[in-house]
Amino acid sequence: MLVIAGLAARPAGARDTQRSITQYAHRVWTVGLNGLGTAPLSIAQSPDGYLLFGAQDGIYRFNGERFQRWQPWAGGSRSYHSVSNMLFARDGTLYLSVGDGLARYRNGRFFFFKERLTSPSSVFEDAHGTIWIGDLGWHGAHNEICHVAGDRVVCRGVADGAMCRTGIAAAPDLHGGILSFNERGVCRLSENGRESRLDYPDHKPMRSARVVWDAAGHVYAMLRDASDQYHLETDGLGWRTIPTSKKIMDGQSFFRDRAGALWIGTFRSGLWRIINGKAEHYTQADGLSGNNVTSILEDREGSIWITTTEGVDQFRAQPVVRFGSREGLSADRPGNLLVTRTGDLWVSNVNGVDAFRDGRLLTPAPYASSRLDVLSIVQDSDGRTWSLVGGIGVFYENERHTVRNDLHVPLSEPQDLAATPDGNVWTGNIYNGGATPRGALVQMRAGRVVAVFPTPEAVDRSVIYKLAPDGRDGLWVAVVNHGALLFRNGRYYRLPMPANTNVVGIAPIRPGSAWMVTMDGLYHVVANGAARRIGVANGLPCETFPAVTTTAKGDLWLKSDCGLLHIAKRELDSFLTSEGSKLHADQIDAGDGAPVDEYSNHPYETPDGRVWFTNFSDVFMVDPKAAVAPKQPVPVVIEDILADGKSFLSAKGSRSPTRPRRIEIDFSGLDFIRPDRVGFRYELSRGMRQWRGVTTERTVSFTDLGPGQYSFSVVACENDARCSLKPATLAFEIPPTFVQTWMFKVAMAFLAAFVAWVAYRIWHHQVTMDIQRRTEVRLGERERIARDLHDTLLQGFQGLLLRIQGVANNLPCEDQLRARLESALNRGEQIIVEGRNRVRDLRVDEHGLPDMLRKFIDDASLDCDIDIYLEIEGAPRDLRRGISTEIGQIAREALSNACRHAEASRIAVIVEFGLRALQVRIVDNGKGIRVQPEQHAVPHFGLSGMRERAERLNASFRIDSAPGKGTEVSLSLSSSVAYEPKSSAVADLLGRMCDLFGGARRSLFGRSSDMDASR
């Protein structure tokens, strides 16, 4: 005997309680496949959405696609098996019974209670957050009810004077206490410690118990005695028994879903579901993974999960509900649909007509005993029901609800029926009344034929296939191979449809316009207008449409080869009025229960808003409120991160090994209803975010990432549109190798700079040595010329003068010739002196630059009446051989030009022995000159000579002047070219520091002890 006892009716849940278990979507995961290693024993859903399955070899975590081993005790000294019960407390702590003990997992730490239990069964949390543990009761009559206190499990029994602390199962009480089920009855322990007891019906002793409860506080128990099994509901105060249609004997798992249905898993006979007193049976022969059901759970999305010794099953309600012969349909050949005036739905079938009321199939079906092959049915404005019966003709039901067939219509092969609001009923057949059979439209009214209208010659006598009313008295007529016609007032009107088009479905919009579907697209047809084709190019996912209908709200429903398509009225209005816009359709495919074949008859909407259609095998019902309702965003979690195949995920901070070649990140969208529709968008950032496009892969990989801090973010998107608002984020670090550290980079930068400096020094030394060699060659050539001039020309002139002097001495003193000879001799001696001076200039002057400049200033002062100053800045340095001579000649030429042409009152010669360069400037305050670019300057041998000498020294030469502003001639020579190297690096460094900080600065025209003034 099966008994259900209860105290109050439970409020209706979200699930349709009229739905049969065979109308649920059913998925199976078999042990040994999809990552599931051993038979599962228990189920729980974690706060983050995962489903956890306790098994013989540990715990498996399921994300909607695959099972993964999950070992919270990893790294501990022991492993745990036979996880028979799991509970997530309200604070997120996981409690699980493992073997003969209890364990806890909280904040990433696993803890095993040292107290041993006989055989822990139910684990639950009361209103105050206390965790209670019951016992299955296989090992004696005095099993205790225990609770968790800190890190201990505390048990008290009869020996301690606690009657309600003993039992074979326990559950929370509606009023805040606990209910303990023992052998004789249920014991209620209130919050204040008071105990009360209620015996079982007939005082029968029980050997085992399974207990479940719901959010409303109803407690249900499945009990067994020596020979029978009972299912009871109680609050600890009384019982109420409700009989069911079937007897269940070997139940071992027990669950009540949110819709009020009881699910019972048995030891060897599969699954039972009890709803509204009706018991439904589902076994391995029906598709269940196994007949030994170990646990049952309802997840947050409303799916029912079943574990058996051979796998895992999921039962979920689909938006589309199927009705076939298994659900009570009279035959598996449904045809046309009819919505009656009372709101019932009639379905034509080969055995008559099936009827639905409020979504439920009525039995027996109308006309079921007539065994007529009903192809189509309509109802006229007077309430008559007209039926199109294959092979016989048109039948109608008169006021006495009897079937009549006395129309005597000369037609054959009737195709369709339609009723217009003016009371007429229409059918399209092949007309045999003339010499040549042709398509014809037949008008009937009040049980008789009124008129016959053959199709026009323009459509080649084609057969009428589909009919639909247009307004009060018009009719849309689909003609085979010729599109459609509009029939009104006894005349046919051609519509702008493409040639050779077969219209298979018509949905009127308003008088003069309709939606029509073909096997190659959707058409919006307007009489006396255009027919606009709509397909994939306009945003639809497919374009083979065997049926179409519109709802009272103006929404459009299409049956297609990719499922059902729903287009809201606002979408249609926007598409028809906006050029180039796209249609957005809600797609309900095979995963939602919709057939994806190319067969269907005209769909209909019932007054409750449900849409019905057939595919000539089954009847389908879809509730738009559930099918197209906005869904909650899918939660997304990041499961693991791996470097070259090795995980480095850590709660303390994920840090990969150095220099990984490949980084892989695993993530999941926890959608257990349609995981195939979940896509992901992700980004890997080191600063600016840039999201990647939607992908269905649940693993992404990155190659050759450099060292640094990274942040990976991912969101889950459903149907490429609705994305989770909050992304899952994982921060991780790739540490640098030594060669990737900033210290190494700085060291390499210093090394590169040092190498560049050494290369520059080598190049500079080579340039300096090249200049020095060229200078030495030039100086040697000048000394050779000076020697040759002295030894040949000057000595010859001197000898010639001596011979002329001897001639002059032999002449009388008063002789005029002697006076002339002596005058020539004086001039010759002057020429020899000048020649010797020039020869001396050709020789290298080994005196310092300041002394040379002083001599030139003294010489210049003899030729002009100008104040000339010499200013020395910095400590004088020894110059390389020949440098003083070249610089002196440039300065001499500049002084000569200033004296002869500047009309100045003061001239300053400034020599700066700098750290990096030797600079010589000759500055006057004269009238100045207009300086022209060198390529346009008038030839002047003095200036050209100065420039040539500067170029030979690789020095910078510049003349700055303007009319009335004076003139400055400057020469700058690199220190490495000008100065003689020091004897040691230390001495050179000290000398440079002295030049920088100890040199006395002198004003341009000021007097000081270091200034020489000569005139």
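The legends below describe close-up views of a predicted model.

Local features need pLDDT of at least 70 and side-chain atom pairs count only at pLDDT 80 or more, whereas totals for chains, interfaces and linings use all residues. Residues are numbered from 1 along each chain as its sequence is written, and side-chain values use heavy atoms, with hydrogens and water left out.

**View 1. An aromatic pair joins Trp29 and Phe67.** The ring centres lie 6.4 Å apart with 80° between the planes, which is edge-to-face (rings of Phe, Tyr and Trp, the last by its six-membered ring, pair with centres within 6.5 Å; planes under 30 degrees apart are stacked, over 60 edge-to-face, the rest tilted). Trp29 belongs to strand 2 (residues 24-30) and Phe67 to strand 6 (residues 67-70), 38 residues apart in the chain (strands are DSSP E runs of at least two residues, helices H or I runs of at least four, numbered from the N terminus). Both residues are buried (under 20% relative accessible area; exposed is over 50%, partly exposed in between; 1.4 Å probe, protein chains only). Trp29 and Phe67 share one aromatic cluster with Phe53, Phe62, Trp305 and Phe672.

**View 2. The largest nonpolar core has 42 residues.** Such a core is a set of buried Ala, Val, Leu, Ile, Met, Phe, Trp, Tyr and Cys residues joined through side-chain atoms within 4.5 Å. Ile868, Ile887, Leu895, Val911 and Leu918 have the most contacts inside it. Helix 6 (residues 883-901) gives the most to this core, eight residues. Another core, of 23 residues, lies apart and includes Val636 and Phe667.

**View 3. Arg69 lies over the face of Tyr60.** The distance to the ring centre is 5.4 Å (the rule asks for NZ of Lys or CZ of Arg within 6 Å of the ring centre and within 35 degrees of the ring normal). Lys466 likewise has its charged end over the ring of Tyr465, 5.7 Å from the centre.
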